[in-house]
Structure formats: structure tokens, C-alpha cells
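Dear colleague,

Please have the model open while you read.

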Amino acid sequence: MSFELPPLPFAKDALAPFMSAETLEYHYGKHHAGYVRKLNAAVEGTDDAGKRLEDLIRAADGGLLNNAAQAWNHSFFWRCLTPGGGGAPPAGDVADAINRDFGSYEQFKSDFAKTCAGQFGSGWGWVVLDGGRLRVMSTANADTPLRHGLTALATVDVWEHAYYIDYRNARPKFIEAIIDNLLNWEFVAANLRDAALG
Ligand code: MN3
């Protein structure tokens with residue numbers, strides 16, 4: 001296996017009731033694992049097998065790109081979640097950047113939730129660093145900020161498989177639950193620091 005399915009950074013039942021163990025059994029154990037399996041099948045015996053996943057995503061296209069990007073997006077997504085997370089970020093660089101670029105945490109939350117909910121069909125909502133400023137955006141299907149020269153700081157998976165077990169069709173409720181209860185601000189802060197260091 002060239003590319004590995006990273007272990008979840010929390011126990012499968014640690015995010016309940018906001019994200020159930022059953023959702024993680026399917027979302028991580030079937031969907032994410034499936035993208036990694038298909039990616040490995042596609043690169044087996046090729047030069048791509050030895051590449052860094054990020055480099056592969058920047059250069060790939062077609063089905064290879066879709067599986068590589070989904071592998072990366074999901075690994076990133078799990079790290080954006082933590083039990084006891086969410087709500088306004090603690091005082092520090094992330095809180096300062098949110099106030100600078102959105103005016104307030106409440107405005108940020110509203111913009112991020114709307115952007116995530118408004119993605120038509122499958123995709124991802126993102127907080128990205130774009131020219132030194134934070135902004136929110138969404139991408140369709142497997143598309144990822146890496147492909148647009150942007151640095152991802154946080155994401156919410158808004159494919160139906162992310163929320164259908166726990167929230168049925170209520171995508172906005174799922175998004176609000178993540179933003180209020182699970183968002184891992186320490187991981188966001190680390191991403192912002194890494195970007196500043198280049
Ligand atoms: Mn997913």
C-alpha cells in the first residue's frame with residue numbers, strides 16, 4: 001500500500017451525539033477507506049506511488065485526482081473535529097484573524113454555515129487562507145483548495161454520507177452542530193501557524 005488510511009484522531013464514539021459512531025463506521029470505515037483503496041489501486045506500479053499525496057493532487061486529473069483529493073480531504077476533515085470543540089475560538093491568532101477578516105465570530109459563523117449549506121450537491125465547505133486573509137468557500141465533489149493555490153484551515157464535509165445517518169436531510173443542522181460543538185480550533189491555529197512559516 002502506497003497511501004495509508006490514517007487512524008482517526010479520536011475514538012469512534014467520542015463525537016456523539018453530534019457525530020455518531022455509526023456515521024464514523026461508514027464515513028471513515030467505508031467511504032474514506034474506499035477512496036484510499038481506489039487511490040492505491042490506481043497508482044500501483046506507477047511513478048505516482050512514491051509521491052507525496054499533496055504533490056499528486058496538484059498534478060493529477062480524472063479518477064486518480066478524485067480519489068487522491070478525497071483521501072486528503074477526509075484525513076484533513078477528521079483533524080478539524082474534536083470532542084468539546086466548536087464555539088468561538090480562544091483568544092489568539094485565529095480569533096484575531098476572524099475579527100479582522102469577518103468583523104466578528106458571529107459573522108464568521110453565519111458566513112461559514114451559509115457557504116457550507118449552500119454548496120449545491122456533494123462537496124466541501126472550507127475556511128482558507130487567501131493572500132494572507134481568511135475567507136470561506138465551497139468546492140464541488142472532490143475539489144480541494146490545494147488545486148486553487150489556497151491553504152486550507154478548516155473544512156466541513158457536506159456530502160450526504162456525512163450527515164444522513166444522524167441528521168437525515170437536515171444539512172444545516174449538521175453544519176451548525178459541527179461549528180458549535182466539534183470544530184478543532186487548535187488544529188486551525190496550527191494550520192495558520194504553518195502557513196505563516198511558509
Ligand atoms: Mn465524506
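This is a predicted model: local features need pLDDT of at least 70, side-chain atom pairs count only at pLDDT 80 or more; totals for chains, interfaces and linings use all residues.

Residues are numbered from 1 along each chain as its sequence is written, and side-chain values use heavy atoms, with hydrogens and water left out.

The cavity and the pockets

The structure holds 1 cavity of 30 Å³ or more, and the volume of the largest cavity is about 40 Å³. On a 1 Å grid over the protein atoms alone, a cavity is a set of points where a 1.4 Å probe fits but cannot get out, whereas a pocket is an open set with protein on both sides within 12 Å along at least five of seven lines, and lining residues have an atom within 4 Å of a point. Grid points are joined across faces, edges and corners, and a volume is the space filled by probe spheres set on the points. The cavity is lined by V94, I98, F108, V127, L134, A154, L183, W185 and V188, and α4 and α8 are the elements that give two or more residues to this lining. Helices (H or I, at least four residues) and strands (E, at least two) are DSSP runs, numbered from the N terminus.

The largest pocket has a volume of about 340 Å³, and of its 14 lining residues E54, W72, F76, A152 and N191 are the closest to its centre. Its lining divides into 7 nonpolar, 3 polar and 4 charged residues, with at least two residues supplied by each of α2 (53–59), α3 (62–79), β3 (151–157) and α8 (185–197).

The second largest pocket, with a volume of about 200 Å³, is lined by 15 residues, of which P89, P90, W185, E186 and A189 lie nearest its centre. Helix α8 gives the most to this lining, with 4 residues.

In α4 (93–102), the residues V94, A95, A97, I98, D101 and F102 are buried (under 20% relative accessible area, with exposed meaning over 50% and partly exposed in between, for a 1.4 Å probe and protein chains only). They cover an arc of only 165° around the axis, which puts them on the same side of α4; the arc is that of the directions from the helix axis to the C-beta atoms. On the other side of α4, D93 and D96 are exposed.

In α5 (residues 105–118), Y105, F108, F112, T115 and C116 are buried, and they fall within an arc of 100° seen down the axis, so they line one face of the helix. The face turned away from them carries the exposed residues E106, K114 and G118.

A buried histidine

H74 belongs to helix α3 and, at 0% relative accessibility, counts as buried. Leaving aside its neighbours within four places in sequence, H74 is in contact (heavy atoms within 4.5 Å) with H27, H32, Y35, W124, D157 and H161.

With best wishes

Notes: Ala, Val, Leu, Ile, Met, Phe, Trp, Tyr, Cys and Pro count as nonpolar, Asp, Glu, Lys and Arg as charged, and the others, Gly among them, as polar. The expected span of a helix is 1.5 Å times one less than its number of residues.
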